[in-house]
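Here is a friendly walk through one protein chain and the ligands beside it. Keep the viewer open as you read, and follow along from the overall fold to single residues.

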Amino acid sequence: MSKVKKKVKVIKIDVDKCNGCRACEVACSAFHAKPKYSSNNPARSRIRLIRDPLKDVYLPVYAGEYTKAECTGKEKYVIDGKEYDECDFCRASCPSRDLFKEPDSGLPLKCDMCEDDPPQEKPLCVQWCLNDALTYEEREEEVEEEVKLEDVEIGLESMVDKYGLQKVMDTVARMAKKE
Ligand code: SF4
Ligand code: SF4
(Lines give C-alpha, C1' and ligand atoms only; values in the text may rest on other atoms or scores of the structure.)
(Ligands and ions follow the chains in the order given, each with its own letter.)
Protein backbone atom coordinates (compact mmCIF):
# COMPACT_ATOMS: atom_id res chain seq x y z
CA MET A 1 0.00 0.00 0.00
CA SER A 2 1.39 3.44 -0.88
CA LYS A 3 2.20 6.09 1.71
CA VAL A 4 0.76 9.58 1.83
CA LYS A 5 1.60 12.66 3.90
CA LYS A 6 -0.93 13.57 6.54
CA LYS A 7 -1.11 16.58 8.85
CA VAL A 8 -1.07 15.43 12.47
CA LYS A 9 -2.23 17.78 15.22
CA VAL A 10 -0.94 17.28 18.74
CA ILE A 11 -1.05 19.02 22.08
CA LYS A 12 2.24 18.81 23.91
CA ILE A 13 1.94 18.68 27.68
CA ASP A 14 4.55 19.97 30.11
CA VAL A 15 3.38 18.73 33.51
CA ASP A 16 5.98 20.79 35.34
CA LYS A 17 4.23 23.97 34.18
CA CYS A 18 0.69 22.90 35.13
CA ASN A 19 -0.56 24.45 38.37
CA GLY A 20 -3.94 22.72 38.37
CA CYS A 21 -6.03 25.82 37.58
CA ARG A 22 -8.45 23.79 35.37
CA ALA A 23 -8.97 26.65 32.91
CA CYS A 24 -8.48 24.10 30.11
CA GLU A 25 -11.46 22.04 31.35
CA VAL A 26 -13.67 25.13 31.61
CA ALA A 27 -12.76 26.36 28.11
CA CYS A 28 -13.23 22.96 26.48
CA SER A 29 -16.58 22.22 28.09
CA ALA A 30 -17.91 25.73 27.30
CA PHE A 31 -16.82 25.46 23.64
CA HIS A 32 -18.64 22.13 23.30
CA ALA A 33 -21.76 23.18 25.22
CA LYS A 34 -25.01 23.42 23.32
CA PRO A 35 -25.61 26.28 22.58
CA LYS A 36 -21.92 27.13 22.49
CA TYR A 37 -20.56 28.84 25.62
CA SER A 38 -23.97 28.54 27.34
CA SER A 39 -22.53 26.53 30.25
CA ASN A 40 -19.40 24.88 31.50
CA ASN A 41 -19.05 21.56 33.23
CA PRO A 42 -15.63 19.95 33.57
CA ALA A 43 -17.29 16.51 33.38
CA ARG A 44 -18.10 17.32 29.74
CA SER A 45 -14.56 18.48 28.95
CA ARG A 46 -12.41 16.50 26.53
CA ILE A 47 -9.36 17.42 28.54
CA ARG A 48 -9.25 16.41 32.21
CA LEU A 49 -6.87 17.18 34.97
CA ILE A 50 -5.62 14.17 36.91
CA ARG A 51 -4.87 15.74 40.26
CA ASP A 52 -3.53 14.63 43.59
CA PRO A 53 -2.43 17.76 45.47
CA LEU A 54 -0.90 15.76 48.34
CA LYS A 55 1.50 14.16 45.88
CA ASP A 56 1.86 17.38 43.85
CA VAL A 57 0.42 15.58 40.81
CA TYR A 58 -1.28 17.77 38.19
CA LEU A 59 -1.50 15.96 34.89
CA PRO A 60 -3.69 17.23 32.03
CA VAL A 61 -4.79 14.47 29.63
CA TYR A 62 -6.91 14.99 26.51
CA ALA A 63 -9.35 12.37 25.30
CA GLY A 64 -8.36 9.88 22.62
CA GLU A 65 -10.18 6.92 21.11
CA TYR A 66 -13.03 4.99 22.69
CA THR A 67 -12.18 1.41 23.54
CA LYS A 68 -14.81 -1.13 24.53
CA ALA A 69 -12.51 -3.44 26.48
CA GLU A 70 -10.32 -2.79 29.50
CA CYS A 71 -6.61 -3.22 28.89
CA THR A 72 -4.31 -5.46 30.89
CA GLY A 73 -1.26 -3.21 30.99
CA LYS A 74 -1.74 -1.72 34.40
CA GLU A 75 1.45 -0.21 35.78
CA LYS A 76 2.35 2.42 38.37
CA TYR A 77 4.82 5.06 37.31
CA VAL A 78 7.27 7.11 39.34
CA ILE A 79 8.59 10.10 37.41
CA ASP A 80 10.74 12.77 39.05
CA GLY A 81 9.79 11.32 42.44
CA LYS A 82 6.04 11.60 41.77
CA GLU A 83 3.90 8.48 41.70
CA TYR A 84 1.24 8.20 39.02
CA ASP A 85 -1.59 5.69 39.06
CA GLU A 86 -2.03 2.95 36.52
CA CYS A 87 -4.49 4.70 34.20
CA ASP A 88 -3.27 8.28 34.64
CA PHE A 89 -1.54 8.65 31.29
CA CYS A 90 -4.17 6.84 29.27
CA ARG A 91 -6.28 8.91 26.85
CA ALA A 92 -8.93 6.27 26.19
CA SER A 93 -12.58 6.44 27.09
CA CYS A 94 -12.92 2.90 28.45
CA PRO A 95 -15.17 0.79 30.72
CA SER A 96 -12.80 0.83 33.70
CA ARG A 97 -13.29 4.50 34.64
CA ASP A 98 -15.69 7.43 34.35
CA LEU A 99 -13.26 9.71 32.55
CA PHE A 100 -14.18 11.02 29.09
CA LYS A 101 -17.82 10.02 29.20
CA GLU A 102 -20.65 12.46 28.60
CA PRO A 103 -22.26 12.63 32.08
CA ASP A 104 -25.90 12.43 30.92
CA SER A 105 -25.70 9.92 28.10
CA GLY A 106 -22.53 8.04 29.06
CA LEU A 107 -21.35 8.39 25.45
CA PRO A 108 -17.58 8.58 24.95
CA LEU A 109 -15.96 11.97 24.52
CA LYS A 110 -13.04 12.54 22.19
CA CYS A 111 -10.92 15.63 21.58
CA ASP A 112 -11.70 17.12 18.16
CA MET A 113 -8.92 19.71 18.31
CA CYS A 114 -11.67 22.35 18.43
CA GLU A 115 -12.44 21.84 14.76
CA ASP A 116 -16.13 22.03 15.55
CA ASP A 117 -17.95 25.00 14.00
CA PRO A 118 -16.42 27.60 14.03
CA PRO A 119 -13.04 25.82 13.81
CA GLN A 120 -10.42 27.42 16.03
CA GLU A 121 -6.96 28.28 14.80
CA LYS A 122 -5.52 26.97 18.05
CA PRO A 123 -7.29 24.60 20.48
CA LEU A 124 -9.13 26.50 23.19
CA CYS A 125 -7.47 24.59 26.02
CA VAL A 126 -4.09 25.73 24.67
CA GLN A 127 -5.29 29.32 24.34
CA TRP A 128 -6.56 29.34 27.92
CA CYS A 129 -3.57 27.68 29.51
CA LEU A 130 -1.79 30.79 30.69
CA ASN A 131 1.05 28.75 32.16
CA ASP A 132 2.07 27.30 28.77
CA ALA A 133 1.68 23.77 30.09
CA LEU A 134 -0.12 23.04 26.82
CA THR A 135 1.36 23.85 23.42
CA TYR A 136 -0.08 23.09 20.03
CA GLU A 137 1.92 21.46 17.26
CA GLU A 138 1.21 20.44 13.69
CA ARG A 139 3.51 18.05 11.91
CA GLU A 140 3.47 15.94 8.78
CA GLU A 141 3.66 12.19 9.02
CA GLU A 142 3.78 9.49 6.38
CA VAL A 143 0.84 7.12 6.76
CA GLU A 144 -0.61 4.24 4.75
CA GLU A 145 -3.00 5.52 2.12
CA GLU A 146 -6.58 4.92 3.17
CA VAL A 147 -8.64 2.70 0.91
CA LYS A 148 -11.12 4.97 -0.87
CA LEU A 149 -14.76 3.95 -1.06
CA GLU A 150 -14.71 4.31 -4.88
CA ASP A 151 -11.85 1.80 -5.04
CA VAL A 152 -13.85 -0.67 -2.93
CA GLU A 153 -16.86 -0.20 -5.20
CA ILE A 154 -14.82 -0.82 -8.36
CA GLY A 155 -13.29 -3.92 -6.72
CA LEU A 156 -16.73 -5.25 -5.74
CA GLU A 157 -18.12 -4.61 -9.21
CA SER A 158 -15.40 -6.63 -10.89
CA MET A 159 -15.87 -9.48 -8.36
CA VAL A 160 -19.61 -9.53 -9.06
CA ASP A 161 -18.87 -9.63 -12.81
CA LYS A 162 -16.49 -12.54 -12.33
CA TYR A 163 -18.25 -14.69 -9.66
CA GLY A 164 -21.86 -13.52 -9.72
CA LEU A 165 -23.75 -11.48 -7.10
CA GLN A 166 -24.99 -14.42 -4.99
CA LYS A 167 -21.53 -15.90 -4.51
CA VAL A 168 -20.04 -12.54 -3.48
CA MET A 169 -22.91 -11.93 -1.02
CA ASP A 170 -22.50 -15.41 0.51
CA THR A 171 -18.79 -14.82 0.98
CA VAL A 172 -19.32 -11.41 2.62
CA ALA A 173 -21.96 -12.92 4.97
CA ARG A 174 -19.55 -15.72 5.90
CA MET A 175 -16.75 -13.21 6.64
CA ALA A 176 -19.08 -11.06 8.75
CA LYS A 177 -20.00 -14.10 10.88
CA LYS A 178 -16.33 -14.83 11.55
CA GLU A 179 -15.65 -11.32 12.98
S1 SF4 B 1 -5.06 25.38 31.99
FE2 SF4 B 1 -2.92 24.73 31.91
S3 SF4 B 1 -2.16 25.07 33.99
FE4 SF4 B 1 -4.39 25.12 34.12
S5 SF4 B 1 -4.95 22.97 34.62
FE6 SF4 B 1 -5.04 23.16 32.39
S7 SF4 B 1 -3.01 22.49 31.70
FE8 SF4 B 1 -2.84 22.94 33.89
S1 SF4 C 1 -8.28 20.72 21.69
FE2 SF4 C 1 -10.35 21.50 22.00
S3 SF4 C 1 -11.57 19.63 22.10
FE4 SF4 C 1 -9.48 19.01 22.46
S5 SF4 C 1 -9.22 19.03 24.66
FE6 SF4 C 1 -8.54 21.03 23.90
S7 SF4 C 1 -10.32 22.35 24.07
FE8 SF4 C 1 -11.04 20.25 24.21
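## Overall fold

The protein chain has four helices and six strands, where helices (H or I, at least four residues) and strands (E, at least two) are DSSP runs numbered from the N terminus. Along the sequence, the elements of the protein chain follow the pattern β-α-β-β-β-β-α-β-α-α. This is a predicted model, in which local features need pLDDT of at least 70 and side-chain atom pairs count only at pLDDT 80 or more, while totals for chains, interfaces and linings use all residues. Residues are numbered from 1 along each chain as its sequence is written, chains are lettered from A and ligands numbered from 1 in the order in which they are written, and side-chain values use heavy atoms, with hydrogens and water left out.

Of the 179 residues of the protein chain, 29% count as buried; buried means under 20% relative accessible area, exposed over 50%, and partly exposed in between (1.4 Å probe, protein chains only). The accessible surface of the protein chain comes to about 12600 Å², and 52% of that belongs to carbon and sulfur atoms. These areas come from the Shrake-Rupley method with a 1.4 Å probe, and for residues only the protein chains shown count as cover. Among contacts (heavy atoms within 4.5 Å) in the protein chain with a separation of 6 or more, 62% join residues 24 or more positions apart.

## Helix 1 and its cover

Which residues of helix 1 are buried? They are Ala 23, Cys 24, Glu 25, Ala 27, Cys 28, Ser 29, Ala 30 and Phe 31. That is eight of the nine residues in helix 1 (residues 23-31), so the helix is mostly covered. The cover over these buried residues includes strand 2 (47-52), helix 2 (124-128) and strand 6 (134-144).

At Phe 31, the charged end of Lys 36 sits over the ring, 4.0 Å from its centre. A charge sits over a ring if NZ of Lys or CZ of Arg is within 6 Å of the ring centre and within 35 degrees of the ring normal. In the loop between helix 1 and strand 2 you will find Pro 35, and the peptide bond from Lys 34 to Pro 35 is cis, with omega near -10 degrees.

## Around the two ligands

Ligand 1 has 13 residues around it, of which Cys 18, Cys 21, Arg 22, Cys 24 and Cys 129 come nearest. A residue counts as near a molecule or strand if one of its heavy atoms lies within 4 Å of it. By class, the shell of ligand 1 has nine nonpolar, three polar and one charged residues. In this scheme Ala, Val, Leu, Ile, Met, Phe, Trp, Tyr, Cys and Pro count as nonpolar, Asp, Glu, Lys and Arg as charged, and the others, Gly among them, as polar.

The residues around ligand 2 include Cys 28, His 32, Arg 46, Cys 111, Asp 112, Cys 114 and Cys 125. The shell of ligand 2 holds eight nonpolar, one polar and two charged residues.

Val 61 lies in strand 3 (residues 57-62) and is buried, with a relative accessible area of 4%. Not counting residues up to four places away in sequence, Val 61 touches several residues, including Ile 47, Phe 89, Arg 91 and Phe 100. The C-alpha atoms of Val 61 and Arg 91 are separated by 6.4 Å, although the two are 30 residues apart along the chain. The charged end of Arg 91 sits over the ring of Tyr 62, 4.0 Å from its centre.

Tyr 77, Tyr 84 and Phe 89 form one aromatic cluster. Rings of Phe, Tyr and Trp (its six-membered ring) pair if their centres lie within 6.5 Å, with planes under 30 degrees apart counting as stacked, over 60 as edge-to-face and the rest as tilted. Tyr 84 and Phe 89 make a tilted pair, 4.9 Å centre to centre with 50 degrees between the planes. Tyr 84 counts as buried at 5% relative accessibility, whereas Phe 89 is partly exposed at 37%.

## Positive phi angles

Most residues other than glycine have a negative phi. Phe 100, in the loop between strand 5 (82-84) and helix 2, has a positive phi of about 60 degrees. Cys 114 is placed in the loop between strand 5 and helix 2, and its phi is near 55 degrees. Phe 100 is buried at a relative accessible area of 1%, and Cys 114 is buried at 5%.
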